[in-house]
Amino acid sequence: MTVIGQVRKGAYYDSVTLMRVGKELAALPGVADASVVMGTRANQAILKTSGLLLPEFGKATDTDLLIAVRAKDARAAQAALNALDAQLKKATKKSAAAEEAAPATLDGALRLVPGANLAMISIAGRYAAAEAMKALERGLHVMLFSDNVSLEDEIRLKTLAVRKGLLVMGPDCGTAIINGVPLAFANVVRRGRIGVVAAAGTGLQEVTTIISNEGEGISQAIGTGGRDVKKDVGGIMFLAGLEALAADRQTEVILLVSKPPHPSVLAKIEKVVRRIRKPVVSMFIGAGGIPNTLEQAAFMAVALARGEEGGAAVVRLVSRDAHLAKEARRKAARLGKGRKYVRGLFSGGTFCAEAQILFGGLPGGLYSNAPTGTAKPLRSSLKSVRNTVVDLGEDEFTVGRPHPMIDYSLRNQRIAQEAADPETAVILLDVVLGYGSNGDPAAELAPVIRAAARKVRVVASVTGTDADPQNAPAVKTALEKAGAIVLPSNAAACRLAAEIVKAL
Amino acid sequence: MILLSIGDEVREGTYRLHSRFHRAVNFADGERLVSVVAEDIGPGPLNLVVRGRPRISRRVLRVTRRMLAAAPISRTPRPRARVSLDCLAEVERVLVSGAHPRSLAFLLDDRRRASFTSAFDRAFVRRVSAGAARLFRVDGVRMLAGCGYGLTPSGDDFIAGVLAALNLRNAPRRRVERLYAAARGGNLLSNEFLRLARDGKTSGAMQSLVSAVAGESIPAARAAARKVLSVGETSGADWATGFVLAARKAIP
């Protein structure tokens, strides 16, 4: 190995430029290591420890730039030094361009970030497919946040993507976590060995945060968009994601989340699962069997990652639910006469669907604006009937308004309305944290919960981690102070709400 | 260029071009620094804040008495000397989740060490960790001073954060002076920032963070922490890491 270097007098660059250039030089053929740092005594000491200190560095001052390259031979080392100026110029130009320009096209963005390998697309649906196609043609994976993309376009994009070994997450995909990076509405979770494929955004958020809060972590969480597992799309991306996680060395357990796939898609998924050697937990909301909640699925994945039996996790949750039933009886005892129904007000569609599964068999029947299972449709989404669960993310609530995960005003009004209804016993809420969601949920919810809790029981779940911008434990504490009963999962909150109603 | 404000440490004199960045152009007269900065960087003791970006092609800057009299002077407010542990915890949380992967926030969360892969990086992490373990000692500061990448090395930004925290906690003046003296090196920029930190003077985003940690509002602390992360590339995060560690550690 050869080590050569240079001293550049009075050369000033920011830290990221120097790190970037060092990394680029180290990636050149034959180069084992490279450092580009200011010539302070401390840095010289560090260079010495790492075997990169050269005699000519001894006269350098704090404001000189030291460049050291270790390569397999003198030729490779010299070639790296020769490339230095071009690298410095490129790196400085990148920083300048990034500061100055907001690119107007995909190609403009790629000039700024030539190493990009994923494009996130959030534009009007009628233009989104064309941009997604451009991205795929340039070899980028795509996260397609946009909705109103035609079925034909979705199939065309996903078919091309699979041929090129790329992902198309979407359309209408709001959540993913790729290489530890939360994308769109997603949470800050630990990295680890459990991989997720989800056709349900808040479902992905729920399982990834529970897994992280239990001390395990996420290798990758791939969103597919809800339509992917229906008959027409045929599960193209769901299957591609599953295969990718099966091949991924970091992933030891795979967790699948969606509403029940079309039977033809389910058959394909089962065929792939049978040949995968890793444990696979499948959570198809409403399909029955075990797991039957997102929470159970997450706990099972955690147990399997630790080499334990998945069933043991389910037993622990059943025991927890028995405690919830006892608590429910205490909570029910002090409610006013005539109060007998639950009113679930959800910002996440998946949570609304899960609630309907868990509320099956509630006295008085169940209604929803997005009915599934045995729930009946509401005549008006604005007026609750008996036991009602409302998906506030449905079109009738979101046209011309921000999503209810961001803007709580509509839900806050509804909370007050339901609390004023003499038949309401329990108001049930989901509070979903993470990037993209409301920045200060506790401040916005606390006053309205405080007022409501004087008349009804307010039960809430908080989906998030302590690393999320909103800080899940702090939100939990604030909501409890306001009078809510806070549970760590949607399933637990639904069970408690159901038990309170049954105990009345 | 329209001059919006002048920092209260800017002195009359002739300054020569020291270094040029996109939102800041630094001039020096051998011992003192003056920075012409963009509006979004904001006021600071040594800052001349201009509208838009500082487009200066000349290599000499004359700060005149007339200039000092004409533009509003920005002064560094002194927050009351207290540290809210809840606000500090929130700042730490924001740092751990949002700081640049190659900043010194690894001192708050071991998992961040994985971003340091080259031989220099690994030796750098060891040295900084050893220095941070001796936070209020001269030998610790000497290990940190001048350490790391960038025109103001990470170690210097970290020490400036430490000094800012010690000032907030009304630490004995002698101790602050000793640590400052141990940190000074041949880098004018770093020396000036350290001098200001020794005197309890910080710029814009850092000042907001100091005030927020001395206050009661966790959302304000969170917002201030996020703003500090946007200072420089890793400078803000490095400063904030030093500040957090020094704010919560018992002063011997």
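Predicted model: local features only at pLDDT ≥ 70, side-chain atom pairs only at ≥ 80, totals over all residues.
Visitor: How many residues apart are A:E252 and A:R193, the two partners that link distant parts of the chain?

Guide: A:E252 sits in the loop between α9 (236-247) and β11 (253-258) of chain A. Its partner A:R193 belongs to strand β9 (residues 191-198) of chain A, and the separation between the two is 59 residues.

Visitor: How many salt bridges does the rule find across the interface of chain A and chain B?

Guide: Over all chains the structure holds 41 salt bridges. The interface itself takes 39 residues from chain A and 36 residues from chain B, and 10 residue pairs, both members at pLDDT 80 or more, are in polar contact between the chains. For salt bridges across the interface of chain A and chain B, however, the count is zero.

Visitor: What percentage of the area buried between chain A and chain B lies on carbon and sulfur atoms?

Guide: By class, the side of chain A that touches chain B has 10 charged, 12 polar and 17 nonpolar residues. Chain A and chain B bury about 2,900 Å² between them, and the part of this on carbon and sulfur atoms is 59%.

Visitor: Which element gives the largest share of the side of chain A that touches chain B?

Guide: The elements of chain A that give two or more residues to this side are α1 (15-26), β2 (31-38), α2 (41-49) and α4 (84-100). The largest share, six residues, comes from α2(A).

Visitor: Within chain B, is the crossing of α2(B) and α10(B) left-handed or right-handed?

Guide: Helix α2 (residues 85-98) and helix α10 (residues 235-248) of chain B pack with their axes 10 Å apart, at an angle of about 145 degrees. The crossing of α2(B) and α10(B) is left-handed.

Visitor: How many nonpolar residues are in the contact of α2(B) with α10(B)?

Guide: From α2(B) the contact draws on B:L88, B:V91, B:E92 and B:L95, while α10(B) brings B:A237, B:A240, B:T241, B:F243, B:V244, B:A247 and B:R248. Divided by class, these residues comprise two charged, one polar and, as nonpolar, eight.

Visitor: Where in chain A does A:P291 lie?

Guide: A:I290 and A:P291 are joined by a cis peptide bond, with omega about 5 degrees. The place of A:P291 is the loop between β12 (280-284) and α11 (294-305) of chain A.

Visitor: What is the phi of A:R386, a residue other than glycine?

Guide: Most residues other than glycine have a negative phi. A:D172, in the loop between β6 and β7 of chain A, is not a glycine and yet has a positive phi of about 60 degrees. A:R386, in the loop between β15 (376-377) and β16 (387-391) of chain A, also has a positive phi, near 45 degrees.

How values were computed:
Residues numbered from 1 in each chain as written. Chains lettered and ligands numbered in written order. Heavy atoms only, no water. Contact = heavy atoms within 4.5 Å. Buried area = accessible area lost by both parts, 1.4 Å probe. Salt bridge = Lys/Arg side-chain N within 4 Å of Asp/Glu carboxyl O. Polar contact = N/O pair within 3.5 Å; in protein donor to acceptor, adjacent residues only side chain to side chain. Helix = DSSP H or I, 4+ residues; strand = E, 2+ residues; numbered from the N terminus. Nonpolar A, V, L, I, M, F, W, Y, C, P; charged D, E, K, R; others polar. Axes fitted to C-alpha atoms, helices over the stretch in contact; angles between N-to-C directions. Left-handed = near helix turned anticlockwise from the far one by under 90°.
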